[in-house]
Amino acid sequence: MRPGQCFLLLCLASLVVSAPVSAKIFLPGMQPEEAGIEFAKVEQCRMCHANTRNGEADPMFSWSGGMMAQAMRDPIFLATLAVANQDLPGVGEFCLRCHAPRGWLENRSTPADATALNQEDMHGVSCDVCHRLIDPLGPEAARLIKDVPPSYGNAMMVADPQNRVRGPYGDGTGAMPHDVLKSEFHASGHLCGTCHDISNPAFAKDVKTQPVYSFGHIERTYSEWVLSDFARQGKDGSCQSCHYPAVKGGGQASRFGSLHRKHFVMHGPAGGSTWVQDAVAQLYPRDVDRKAFEASKLRANAMLKAAASLDLNVSDGKMAKIRITNLTGHKLPSGYPEGRRMWINVQFLGNGNRIVKEIGTYGEKSDTLAGQAVIAPTLLDPEETVVYEVLPGISESAAAKFNKKPGPSFHFVLNDIITKDNRIPPKGFTNEKFKEHLCEPVGKEYQDGQYWDDAAFEIPPAAKKVIVRLMYQSMSWEYLKFLVEENRTDEASRKLYDAWSRTGKCPPVVMAEIEKGL
């Protein structure tokens, strides 16, 4: 075992008071340099898979604008990485498994601050990494590696050591400089589970046998999906069916040959990021395609607007009754928990459309940042507002151990509890199954089968009209402030702040809107 393979968990084991430090602790799956793994460069892929006459659906164009391609340039991640390594030296290698899988598998993930990564690793989840993935729980993986993972998650990936590209089609070998192989795994949400169920290995008794979902909750997007009705719909309900939308009329993957594909998808996954693209473009102007970013932002906006429906009832004239229905295959919102949030904005308007009362107001307030007075854009009335979010935290015992304040916390590698999770479950939700995966609601009750939430607001006497908006933000001021003030290691947080300041300060997005006269 190489030093880099066990160092992470030697450190992590010290998090749990009762856990023995053992050199045998590691994460199963393919290990760095196992089977002589070596990936193709993005520029090699570009030779055939760019300029394919598919417009915005061009594989290289759509991939380069998506967040998979920016996983190692994302300034939120880099600032978070610095703080995580401060909290637990060496833990960043765990983070790099997902954000720089090529660098991890080719053994450049130590030191854990990413300084050993090369330029190719900065492409994040690159073309060849994704298209070489093998189902880590399948028989092919069992023949390749020594320790098969107990579940999907924690980036316990397995990649084909041969120069062989996998996807929904298995033909075209003669037209490509590499072999191709048909792969059902690439049409399955289980592939996405590789990096979208994340748990802190410190809280596992045995990483070789325990499913990722059974300990140390960090992120549970895959679990939320696999326990929903969507996962039971086959390919039509897969993660890919939403996040990699099919192109009408199909398309052509390569600019050479004539292999037209009836089923052809956008290669840049659409998600909830509508601002990070601008920050990345500020920081890496020579490395990115701004047109691809603009197309990516449009896809993300469309995704957000399709994520929920909003209903408003004011029939009694006294209360504005609102129902938000989750139309996604996971909790709403989902993804990394620290900075993402969704809230209800309600405006009651009187004569001349003058605002009589507003709840869920987003604006500017006075604050401090690293001891300096600043004007911060944020939610101005959080105590009155219905905010959907997950707030990890530190227990009393962990707080005493690490000299931190107990309660909600952004120190994700130290967190050992969930203090709040009122996010709206997906269709098919059951309390029992979600509790089994450590992603049950906290501080909020949802009945089995409930995939909506109701809220009611008293109508002021002078109101003539009510406007309700469902708002979403991918990084809050509070999380930015934490990253800037906590980072004592490098310039990542300062760069994030500077890029944030120049690019609109991560403004919230309107997901849905409805209005009615009173």
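The model is predicted: local features need pLDDT of at least 70, side-chain atom pairs count only at pLDDT 80 or more, and totals for chains, interfaces and linings use all residues. Residues are numbered from 1 along each chain as its sequence is written, and side-chain values use heavy atoms, leaving out hydrogens and water. Helices (DSSP runs of H or I, at least four residues) and strands (runs of E, at least two) are numbered from the N terminus.

**Residue T503**

- T503 sits in the loop between helix 17 (492-502) and strand 21 (509-517).
- T503 counts as buried because its relative accessibility is 14%. Buried means under 20% relative accessible area, exposed over 50%, and partly exposed in between, with a 1.4 Å probe and protein chains only.
- Leaving aside residues up to four places away in sequence, T503 touches W275, D278, A279 and Q282. Contact means heavy atoms within 4.5 Å.
- A polar atom of the T503 side chain lies 2.6 Å from the backbone oxygen of A499.
- S64 is 439 residues from T503 along the chain, and their C-alpha atoms are 20 Å apart.

**The second largest pocket**

- The volume of this pocket is about 600 Å³. A volume is the space filled by probe spheres set on the grid points, which are joined across faces, edges and corners.
- The pocket has 30 lining residues, and L391, P408, S409, F410 and E478 are the closest to its centre.
- On a 1 Å grid over the protein atoms alone, a pocket is an open set of points with protein on both sides within 12 Å along at least five of seven lines; lining residues have an atom within 4 Å of a point.
- Strand 14 (372-379), strand 16 (390-394) and helix 16 (477-486) each supply at least two lining residues. Strand 16 gives the most, with four.
- The lining divides into 13 nonpolar, six polar and eleven charged residues. Asp, Glu, Lys and Arg count as charged; Ala, Val, Leu, Ile, Met, Phe, Trp, Tyr, Cys and Pro as nonpolar; the others, Gly among them, as polar.

- Three strands form an open sheet in the order 17-16-18, with antiparallel pairing. Strand 17 (407-408) and strand 18 (417-421) are the edge strands, each pairing on one side only.
- Two strands pair if DSSP finds at least two bridges between them.
- Strands 16 and 18 run antiparallel and are joined by four bridges. V390 stands opposite D421 in strand 18.

**Helix 5**

- Helix 5 (residues 92-99) is largely enclosed by the rest of the structure, because seven of its eight residues are buried.
- Those buried residues are G92, E93, F94, C95, L96, R97 and C98.

How values were computed
A polar contact is a pair of N or O atoms within 3.5 Å; within protein, one must be able to donate a hydrogen and the other to accept it, and residues adjacent in sequence count only if both atoms are side-chain atoms. On a 1 Å grid over the protein atoms alone, a cavity is a set of points where a 1.4 Å probe fits but cannot get out, and a pocket is an open set with protein on both sides within 12 Å along at least five of seven lines; lining residues have an atom within 4 Å of a point.
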